[in-house]
Amino acid sequence: MKTTIRIRNEKTGLIFILSCMMLIAAATGMAQEVKKVGTASAAFLKIPVGARGSAMGSAFVASADDPSALYWNPGGLSRNEHRALVVDHSPWLPGLSYNFLGVVVPIQGTGTLGIGVTALTTQEMDVTTPANPMGTGEKFDASSIAVGFSFARSLTDRFSIGGTFKYITERIFNCKATGIAFDVGTLYDTPLSGLRLGVSVSNFGSKMRIDGEDLNVRVDIAPDQLGNNQSVVGRLKTERFDLPLIMRLGLSYDAIHSQNLRLTVAADGVNPSDNAQSINLGAELAFLNERLVLRGGYSELFLEDNEKGLTFGAGVKTNIASNVKLEAGYAFQSFVHLSNANRITLTLLF
């Protein structure tokens with residue numbers, strides 16, 4: 001009887017996985033071939049969080065069981081057994097600094113709460129005008145910030161679900177745009193030992209439009225007439241743009257799993273609203289009871305004119321007190337035309 005039940009559970013798990021993959025494939029097949037590159041607002045929401053997921057080529061939606069699940073898959077937050085503080089930093093591209101701060105708090109019998117703050121900032125730059133191409137003496141900068149509040153819960157010992165509400169703001173000099181967005185994600189441990197399925201939808205929300213006093217212009221409402229009021233001020237009206245909606249479907253598999261050695265391989269199918277579909281591949285090799293980890297991957301496979309490529313990194317874990325652990329990770333992301341990016345992540349578990 002037990003054998004029969006186990007076989008039925010495995011068949012059910014396989015049917016569930018295949019059904020999800022068929023739905024994603026059908027959606028991909030019906031998607032328009034027209035690429036809308038550069039048409040989404042708040043593009044910083046697509047920048048990966050955490051050295052672990054970044055080093056694995058962003059193939060992480062089915063492996064997101066650490067605090068970086070705040071970004072990848074809120075359903076994975078429920079797999080965190082300890083309170084955690086994560087700090088992520090990357091000098092992302094020339095002149096840009098990317099930072100993420102997250103806090104995760106499991107509440108026994110209720111679920112897991114999380115708060116994440118993402119910030120992409122620029123260095124100060126000179127204000128230039130047609131009359132002063134070398135600068136007016138003023139300085140300006142720009143920033144993009146998102147604050148997210150997450151909750152996740154394990155509905156069974158195999159299946160968990162979570163969601164995130166985000167408030168988003170982008171500012172350049174004296175103009176800014178605001179919006180709200182929602183993420184939802186699930187993580188499922190299939191009946192096949194070591195095989196996990198993750199699905200997430202990120203950045204479903206309002207359109208954003210930039211506005212502010214820098215869009216004010218003097219207007220001559222009757223240019224063909226003399227004696228007009230020269231102090232009439234108008235404001236340029238900008239377009240509204242959608243947020244970068246991203247749908248991810250991922251599988252991860254523990255090919256080797258023992259106390260001293262673990263090898264996990266992962267693949268994600270990514271369907272963004274502002275580009276064509278692509279596949280991310282990644283692997284993670286852990287030694288010495290998870291104390292030393294090596295990672296590698298490849299991003300945007302099969303994407304025409306892809307900008308990303310090879311990724312790799314490493315991580316270490318150590319005890320700094322009786323009930324406090326520190327995890328440190330590094331990730332390298334290669335770019336085809338832009339400068340390569342480095343990332344450092346520190347996670348405190350207590």
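What is the volume of the largest pocket? In this predicted model, the largest pocket has a volume of about 1200 Å³. Of the 42 residues in its lining, Arg52, Asp65, Glu290, Lys317 and Glu327 are the closest to the centre. Two or more lining residues come from each of helix 2 (51–55), strand 8 (175–189), strand 13 (246–257), strand 14 (261–272), strand 16 (292–301), strand 17 (308–321), strand 18 and strand 19. The most is given by strand 17, with five residues. By class, the lining of the largest pocket comprises nine nonpolar, 17 polar and 16 charged residues.

The second largest pocket has a volume of about 840 Å³. Its lining consists of 35 residues, and Lys46, Asp274, Asn275, Glu300 and Lys308 lie nearest its centre. Helix 3 (69–72), strand 13, strand 14, strand 15 (278–287) and strand 16 each give two or more residues to this lining. The lining of the second largest pocket divides into 18 nonpolar, eight polar and nine charged residues.

Strand 19, a contributor to the lining of the largest pocket, pairs with strand 18 (residues 324–335) in the antiparallel sense over nine bridges. A hairpin of five residues connects strand 18 to strand 19. Strand 1 (residues 84–90) also runs antiparallel to strand 19, to which six bridges join it. Leu349 of strand 19 is the bridge partner of Ala84 and also of Lys325.

In a regular strand, side chains alternate between the two faces of the sheet. In strand 19 (residues 341–349), Ala341, Arg343, Thr345, Thr347 and Leu349 form the covered face, whereas Asn342, Ile344, Leu346 and Leu348 form the uncovered one.

Key:
Residues numbered from 1 in each chain as written. Predicted model: local features only at pLDDT ≥ 70, side-chain atom pairs only at ≥ 80, totals over all residues. Heavy atoms only, no water. Buried < 20%, exposed > 50% of the residue type's maximum accessible area, 1.4 Å probe, protein only. Helix = DSSP H or I, 4+ residues; strand = E, 2+ residues; numbered from the N terminus. Pairing = 2+ DSSP bridges. 1 Å grid on protein atoms, 1.4 Å probe; cavity = no way out; pocket = protein on both sides within 12 Å on 5 of 7 lines; lining within 4 Å. Points joined across faces, edges and corners; volume = space filled by probe spheres on them. Nonpolar A, V, L, I, M, F, W, Y, C, P; charged D, E, K, R; others polar.
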